[in-house]
Amino acid sequence: MKLFSPAKINLTLAVGAPRADGFHPLDSIVTPLTLGDDVFLEKAEATALSMESETVDLSDIPVDTEKNLAVRAVRILEKHVERALPTKIRIVKRIP
């Protein structure tokens, strides 16, 4: 499966006081752009993530860790459906 993940621009952004969990509530109006990343998903033996880009520095993006949002999304979906969903994730980054 191939998905397009568009970049967005915040037209307005209001940040509230921190909640008990340390996160700030946000109130925002956004609009998508035509610039975006391509996300490829396929069944696999184990969940794995690879990233590639010709224009974006990927050195600060965690790939082999549960800290990556793509891997965390798979883990959340697995909890929701109550079964393992081993997934090969390949992201072609264009959004800095």
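**Reading the labels in a predicted model**

Student: Where is K43 placed?

Tutor: The place of K43 is in strand 2. A strand here is a DSSP run of E with at least two residues, while a helix is a run of H or I with at least four residues, both numbered from the N terminus. Do keep in mind that this is a predicted model, where local features need pLDDT of at least 70, side-chain atom pairs count only at pLDDT 80 or more, and totals for chains, interfaces and linings use all residues. Residues are numbered from 1 along each chain as its sequence is written, and side-chain values use heavy atoms, with hydrogens and water left out.

Student: Why is K43 called exposed?

Tutor: Its relative accessible area is 80%. With a 1.4 Å probe and protein chains only, exposed means over 50%, buried means under 20%, and partly exposed is in between, so K43 counts as exposed. K43 and K8 are 29 Å apart in space, C-alpha to C-alpha, and 35 residues apart in sequence.

Student: What makes A14 partly exposed?

Tutor: A14, in strand 1, has a relative accessible area of 41%, so it is partly exposed. Leaving aside neighbours within four places in sequence, A14 is in contact with P25, L26 and D27. Contact means heavy atoms within 4.5 Å.

Student: How do you know that T55 is exposed, and which residues is T55 in contact with?

Tutor: T55 has a relative accessible area of 65%, so T55 is exposed. This residue lies in the loop between strand 3 and helix 1. Apart from neighbours within four places in sequence, T55 is in contact with K93 and R94.

Student: What makes the eight residues a nonpolar core?

Tutor: A nonpolar core is a set of buried Ala, Val, Leu, Ile, Met, Phe, Trp, Tyr and Cys residues joined through side-chain atoms within 4.5 Å. V39, L49, M51, A70, V71, V74, I89 and I91 form the largest such set. Strand 3 (48-52), helix 1 (69-81) and strand 4 (87-92) each give two or more residues to this core, with the largest share, three residues, coming from helix 1. In soluble globular proteins, nonpolar side chains tend to be buried together.

Student: Which residues lie closest to the centre of the largest pocket?

Tutor: The largest pocket has a volume of about 380 Å³. Of the 17 lining residues, S5, V39, L69, A70 and I91 are the closest to its centre. Helix 1 gives the largest share of the lining, four residues. On a 1 Å grid over the protein atoms alone, a pocket is an open set of points where a 1.4 Å probe fits, with protein on both sides within 12 Å along at least five of seven lines; lining residues have an atom within 4 Å of a point. The volume is the space filled by probe spheres set on the points, which are joined across faces, edges and corners.

Student: How do you know that the charged end of R90 sits over the ring of F40?

Tutor: The charged end of R90 is 4.1 Å from the ring centre of F40. The rule asks for NZ of Lys or CZ of Arg within 6 Å of the ring centre and within 35 degrees of the ring normal, and R90 is listed as sitting over that ring.
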